[in-house]
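Hi everyone, thanks for coming. Let's take a short tour together, and please have the structure open as I talk.

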Amino acid sequence: MKKIIIITAAFLGLVFTACENELDLNSPNDITVDQYWKTESDAQAGVNSIYAMFYKDGLWARWMYFRLDLTSDEGYSVSPWTELADWTRFNYINYNFWEGNAVTWRDTYKAIFRCNQVLANVPNIAFQNEEDKKKIIAQAKFFRALHYYYAAVIWEDVPLVLDPSTPADLPQQKKVAEIWAQIEKDLNEAYEDLPRDWPTSETGRPDKGAAKAFLAKTYMQQHKWPEAKTALEYLITGAGAKYSLVANYRDNFTDVNENNSESVFEIQFGDQRKGGTDEAQNAAVSSNRSQFFAPRGIGWSDGQARIWLVNAFKEEKNKDGNLDTRLRWTLYYPQLLADFGDKTYDRNWEWNNDEAWFRKGSRDYYRNNEDYYSQVNYRLVRYGDILLRYAEVLNETGNTAAAYQYVDLVRARVNMNTLAAAHPEIGTDHDKFLERLKTERVLELAGESVRWEDLKRWGDLDSQASVDKISLRDSDFKNFKVGKNHRMPIPQVDVDNNPNLEQNSGY
């Protein structure tokens, strides 16, 4: 049985919904802010309420995957729910569409609000051990940075709210450069007070390695290569070098062997509470991803994978002349039975042409239908990603030759030849190495919610020529408007209600 923290969140009675005024009908029995934030247990419950936001619809329980996986060239939707499918193919008409945009915006700022409550109030609470206080504050800074990170990736220019909000607030919109700067500040400060390791009873909380990993991601999105190199070295060769690739690639995507040596930070999911996603005591702590991404007859089938991913895996055989085993655990596709002897969910299947589905995170080993209560943890950052990022950074800082070894570590895990042996034409050419690295990241990380930020970082969404290349493998990109669709629209209701907000350009 896996060891997992399922946080019992304290609902603090103040729900911030991104600039929307709400009728205040609080019960006279509710605890007010003035009455709360008195004890160490108040502080602990407050920080635990931040973790609870992972289990909300707009974030990692459900809709975040549509934004990061399906909007990228790895996935798409042919859902009969036309408006939902349109939000994966850049046909944005109703900017307030709940499932496509507004709920993710709302829950992002609810999470930030909870972080701000901790940061504003916990410093005033007396602790027996000041180190415990510092750890609580550091967790809040880490999570504020994490949620602003994804806000910057998705919308870019957003309000920067650093204090507990009230419904009457009209926060100022900031340019994405200022958002990145605040993320850097929060993560650097969090790193100082987070532990290198948590005790087993606290598994699931961010540590110094998680802070450095998100710092590296933040620096890389801004092309701050030397800073990213320093952050990554903490995890690879520095004081935080405690990570290693697990022998079995599949162990990164099931509920077996979670929080393993490859995990840098993962969301803790469980299926023991099967309520809704509100603030009730039985609120679900599970993931809906597999329910929405499962093949027909298994789940809702609202999101699936592009067939070019299958073809990418088949371009190169391993040392034994066999297929890359990562294909087996990444995708369901028509030849899965012929290639690896696996039936999709142990069933005979009638496939459509050029059809594929994401396998990572599914519960296919139960041979049962998916539902809303998947207990499979979601790995936001794992060491395989870190190694490939370090190779990218070395290439960008003029040390292409040294970058090979980190790609080779990832390839060796699945019995692939060294990169130099398989692709000698690359040599030390920066551009050729980067182009190959783009493929290496797909083979290792497809369906893990990093492709959209990768495309943005590489500049592949910045010119019509590069977007046209993407559209050859993902026809949805024929709808992509350069200078517009690299970020989503802000919910229009927030723009209308807040004179300090401007809609993103082109919308």
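Before the first stop, one term: a cavity here is a set of grid points where a 1.4 Å probe fits but cannot get out. Please also keep in mind that this is a predicted model.

So, how many cavities of 30 Å³ or more does a search of the whole structure find? The search turns up 8. I'd like to stop at the second largest cavity, with a volume of about 80 Å³. Its lining includes Asn252, Phe253 and Arg289, along with Lys360 and Gly361. Val376, Asn377, Tyr378 and Arg379 also line this cavity, as do Gly447 and Glu448. By class, that lining has 3 nonpolar, 4 polar and 4 charged residues.

Next, a pair of helices. Two packed helices are described by the angle between their axes and the distance between the axes. For helix α7, residues 208-221, and helix α13, residues 383-396, the angle is about 40 degrees and the axes lie 12 Å apart. Their crossing is left-handed. Which residues meet there? From α7 we have Ala213, Lys217 and Met220, and they meet Ile386, Arg389, Glu392 and Val393 of α13. That contact is made up of 4 nonpolar and 3 charged residues, with no polar ones.

Last stop: Ser471, in helix α18, which covers residues 464-471. Is Ser471 buried or exposed? Ser471 counts as buried because its relative accessibility is 11%, and buried means under 20%. Setting aside neighbours within four places in sequence, Ser471 is in contact with Phe477 and Lys478.

Methods
Residues numbered from 1 in each chain as written. Predicted model: local features only at pLDDT ≥ 70, side-chain atom pairs only at ≥ 80, totals over all residues. Heavy atoms only, no water. 1 Å grid on protein atoms, 1.4 Å probe; cavity = no way out; pocket = protein on both sides within 12 Å on 5 of 7 lines; lining within 4 Å. Points joined across faces, edges and corners; volume = space filled by probe spheres on them. Nonpolar A, V, L, I, M, F, W, Y, C, P; charged D, E, K, R; others polar. Axes fitted to C-alpha atoms, helices over the stretch in contact; angles between N-to-C directions. Helix = DSSP H or I, 4+ residues; strand = E, 2+ residues; numbered from the N terminus. Left-handed = near helix turned anticlockwise from the far one by under 90°. Contact = heavy atoms within 4.5 Å. Buried < 20%, exposed > 50% of the residue type's maximum accessible area, 1.4 Å probe, protein only.
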